[in-house]
Amino acid sequence: MSTAVAEEVKEEVKKEPLFSKKNKKLITDPLDDSNPITVQVLGICSALAITVQVKQAVVMSLSVLVVLIGSTFITSVLRNMIPSRVRIIVQLVIVAAMVILVDQVLKAFVYDVSKQLSVFVGLIITNCIIMGRIEAFSLANKPWPSFLDAVGNAAGYGLILIVVAFFRELLGSGKLWGFQLIPQSFYDFGYANNGLMILPPMALIVVGVYIWVQRSKNTKLIEA
Amino acid sequence: MDINSNKYTFIFSTVMVVVVGSLLAIAAVGLKPFQSENVKREKMQNILSSVGITVTAEEAGDKFNQYITDQIIINGNGEVKETDLKAFDVDVLKDYKSGMSNIYSANKDDEAAMRKALMSFGKGGANFPLFVYSGDDGSKKYIVPMVGKGLWGPIWGYVAINSDGNTVAGATFDHKTETPGLGAEIKEGWFSEPFIGKKLFDENGNYVSVSVVKGGAPEDDMHGVDAISGGTITSNGVSEMVYRTLKIYEPYFKSLNNSVAKVEEPEVEIPVSDSLTTDSLVVDTLNNQIN
């Protein structure tokens, strides 16, 4: 009897805690060291297109989060059942189904935002981050680490989107989340919104500045 | 079981397609009512905003029923058409795409031929919706939906005409994919507000419409508003859309205008209307006061 209890305890010790050091790293790494946008340079096109306003960026990040969690979780659960010869097609079907569901839900409940995001929700399918994480991580890992990895990567993606959108909306239209932040008196003095910030090239430049700042702080990332 | 065998691969793929397919079908059908409700509300919001009433999506339905008191359908000849169809249910963008744009471009300079073609368009001729707005003060405005071509895709809008059938009471425009900061500006108030007060007809009663003027319209121009610099093709698209659509409604607006004109200069057979008597009474009393 006592040996059985001891064995059980041993078993529990051997079992990895939910937030072990390795698991925590799955979440924190994509925020900085292996950020999908600034380090791996994935998902750039949506980062350019929908960072004009913070609100759009947040909704887009949440949509990517939902799609990424859903699809990596499903592939991770099915990982031992998916025939390897058709795995890319299976991944694509799972991601596409998730994206269509998200798009339909947005259209039904947050119509104005879904109209602004327009085609970009549909284009989440082609977001390299999602296929990348499924192929590189969740096909070979258990559901829980896959879930953490998905949360981490979606957060890393969302972080960049929101930071870029913050500067673009503030400098480009003087607003944040749609509210006028720069008072009218500034404009009377001759302050003008920077129209260039609204256009896609400035997103690239803001991302570039972010990478510059990030690499000057995190010297690990500097290639020889 | 060998998960890499052909048999397993086929079974797996089949099951996956069936499961995913039915899941998406259920979601699409289940969410459809919410989605079409949103589209309807947005249309109501747009119609109301053309007469200067801004409403939230939630109250759009109530306000629409309160202010839009009548919905009329006009045929290709500009006459009121007797039909069970509701003006609200006419999808002008769909009609435009499904062949009406060809009628317009083929008969650009021949009005009679264009009207003839429109009368035989689709089932029972083309439908042109018209919304009648009745304000709190009893004023009436006629709201015309319209569709046209921008630079990259369709543009559309609503133009409201006062009850004289001549003065523009308001306008709102929108677009699908015009360039942000350039053509997309047609959506903004600074572009659509100057339409207010412009006239469709000149002093002689000839149809002129309201057009955008490159380089800015002179202030006393009753038929022009400022174009968007850098957005010439979209601006011209708006001009063309307004001109072409209102041209079809022209006979209807003229009939509104004529009924007003008839009261102003009564013929012998027509009994003097109430409004005229009151008007002349007012003039008389004014004259007396001056004397």
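How much area do chain B and chain A bury between them, and what share of it is on carbon and sulfur atoms? In this predicted model, the two chains bury about 1,800 Å² between them, 67% of it on carbon and sulfur atoms; buried area is the accessible area (1.4 Å probe) that two parts lose on being put together, summed over both. B:Phe12, B:Leu24 and B:Gln35 supply 25% of the area that chain B buries against chain A, more than any other three residues. Contact, defined as heavy atoms within 4.5 Å, joins 21 residues of chain B to 20 residues of chain A. Between chain B and chain A the count of salt bridges is zero, a salt bridge being a side-chain nitrogen of Lys or Arg within 4 Å of a carboxyl oxygen of Asp or Glu.

Residues are numbered from 1 along each chain as its sequence is written, and chains are lettered from A and ligands numbered from 1 in the order in which they are written. Local features need pLDDT of at least 70, side-chain atom pairs count only at pLDDT 80 or more, and totals for chains, interfaces and linings use all residues, while side-chain values use heavy atoms, with hydrogens and water left out.

Over all chains, the whole structure holds 11 salt bridges. One of them pairs A:Asp33 with A:Lys220, with the closest N and O atoms 2.6 Å apart. A:Asp33 lies in the loop between helix H2 (21-28) and helix H3 (44-49) of chain A, and A:Lys220 in the segment after helix H11 (200-217) of chain A, so the pair ties together parts that are 187 residues apart in sequence. Helices here are DSSP runs (H or I, at least four residues), numbered from the N terminus.

Helix packing within chain A was examined next. The axes of helix H4 (residues 54-77) and helix H9 (residues 143-173) of chain A come within 8 Å and cross at roughly 165°; axes are lines fitted to C-alpha atoms over the stretch in contact, with angles from 0 to 180 degrees between N-to-C directions. H4(A) and H9(A) are therefore roughly antiparallel to each other (angles over 145 degrees). Their crossing is right-handed, meaning that the near helix is turned clockwise from the far one by less than a right angle. By class, this contact has 20 nonpolar, six polar and one charged residues, where Ala, Val, Leu, Ile, Met, Phe, Trp, Tyr, Cys and Pro count as nonpolar, Asp, Glu, Lys and Arg as charged, and the others, Gly among them, as polar.

The axes of H4(A) and H5(A) come within 9 Å and cross at roughly 145°, again in a right-handed crossing. Residues in this contact include A:Val59 and A:Ile74 of H4(A) and A:Met98 and A:Leu106 of H5(A).

Technical notes. Helix = DSSP H or I, 4+ residues; strand = E, 2+ residues; numbered from the N terminus. Parallel < 35°, antiparallel > 145°, perpendicular 65-115°, else oblique.
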